[in-house]
Amino acid sequence: MKILGIETSCDETAAAIVEDGRSLVANVIASQAALHGRYGGVVPEVASRQHLEAMLPVVEAALAEGGCRWRDIDAIAVTAGPGLAGALLVGVSVAKALAYAKELPFIAVNHLEAHLYATWIDEDGSGSPPPPFPLAGLIVSGGHSDLVLMRGHGDLRRLGRTRDDAAGEAFDKVARLLGLGFPGGPAIERAAEAVAKPALRLPRAWLGDSDDVSFSGLKTAVLHVVRGERPPPVEEIAAAFQEAVVDVLATKTARAAEREGVSAVVLSGGVAANGPLRRTLADRAAVPVHAASPLLCTDNAAMVAACAFYRQQAAGWDLDVTPNLPVA
Ligand code: KG4
Ligand code: ZN
């Protein structure tokens, strides 16, 4: 079964075709990052307009890349939330219109749940098995930091979340403080590479036994260091910040995985592209860590199509977007 996925929840206009939930037939992503970069963050109205312009050409490009015609497609899947309301509306409206015109079923997908399914996709065609259940999933992106327990398809329970900034949001805000540009995650990772072990030690918010995380205190600590009398080099601050975020995320995820007795850990979302996070979590977790391939960590439509295959909940024409949709 070939599913065409559509994703417009934030600043990527994406379409992809995935067969039977695992095999990647086509994957097209038009990123708006450069457009938003000059504002230092995603501007919702600009994002919606850009999605509107890019959406149909991106769908056509996915069909061409996969060598598919419409009659090869069995269903259309689309992100219905969470995300920016206007941006989501573009994807959902286009999915509905295409499903109606091509007489195909369409499936609504939760963007956060979809991030987990990036690890189901056998991107290189090696036939490696998907992550086993039960699993602990860490979804860390620009808008969310959720730790979930997944016992099967559609069986998700949220264990923890951020109490303030999402992990990616913290990377983006600290990068702005350090003058490193947008998006902040890759810029901070690159700057931090110059420092093997930072001498600067920034605070971690452990929040006792809770699986929740918090990054606003860390962000404020960076602000104080930057505005201090003799601030260390930007690279040093970037490395210390990254070390603190990675320490908290990896420690809490490994601890929750052990407590819940899971068989695997899944790591996904834009921040999962971070090398030190991938390595540290793999070191600390007692079970195998399935990290999404770097290309599928950030927003894409392949994960939407994969998720839809396992969920297969046909939506009605009255489907609306849900900007605050929780992961579970
Ligand atoms: O999943 P995503 O593409 O969009 C949302 O659903 O939010 O995540 C984007 C976020 C941005 O905050 C970006 O700075 C962060 O992921 N990010 C990274 C890295 N690459 C992207 N954070 C840390 N290290 C990276 N290498
Ligand atoms: Zn995302």
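The model before you is a predicted one. I shall begin with the metal site and then turn to the aromatic rings.

Together with His111, they coordinate the zinc ion (ligand 2), at 2.0 to 2.1 Å. The histidines contribute their NE2 atoms, and Asp299 contributes OD. Along the chain, these donors follow the spacing H-x3-H-x183-D. His115 belongs to helix H4, whereas Asp299 sits in the loop between helices H10 and H11, so this pair ties together parts that are 184 residues apart in sequence.

Why is the arrangement around the zinc ion (ligand 2) irregular? The 4 donor atoms subtend angles of 94 to 148°, and a tetrahedral assignment would require all angles to lie between 85 and 135 degrees.

I now turn to the rings. The structure holds 8 aromatic pairs. In one of them, Tyr100 and Trp317 have ring centres 5.5 Å apart and planes at 75°, so the pair is edge-to-face. Tyr100 lies in helix H3 and Trp317 in the segment after H11, 217 residues apart. Trp317 is partly exposed, with a relative accessible area of 47%. Its ring also pairs with that of Phe106, with centres 5.3 Å apart and planes at 35°, so this pair is tilted. Phe106, in strand E5, is 211 residues away from Trp317.

Finally, ring pairs join Tyr117, Trp120, Phe133, Phe309 and Tyr310 into a cluster.

Notes: Residues numbered from 1 in each chain as written. Chains lettered and ligands numbered in written order. Predicted model: local features only at pLDDT ≥ 70, side-chain atom pairs only at ≥ 80, totals over all residues. Heavy atoms only, no water. Donors = N, O, S within 2.8 Å, 3.2 Å for Na, K, Ca; no water. Tetrahedral: all angles 85-135°; square planar, octahedral: opposite > 155°, others 65-115°. Helix = DSSP H or I, 4+ residues; strand = E, 2+ residues; numbered from the N terminus. Phe/Tyr/Trp six-rings, centres within 6.5 Å; stacked < 30°, edge-to-face > 60°. Buried < 20%, exposed > 50% of the residue type's maximum accessible area, 1.4 Å probe, protein only.
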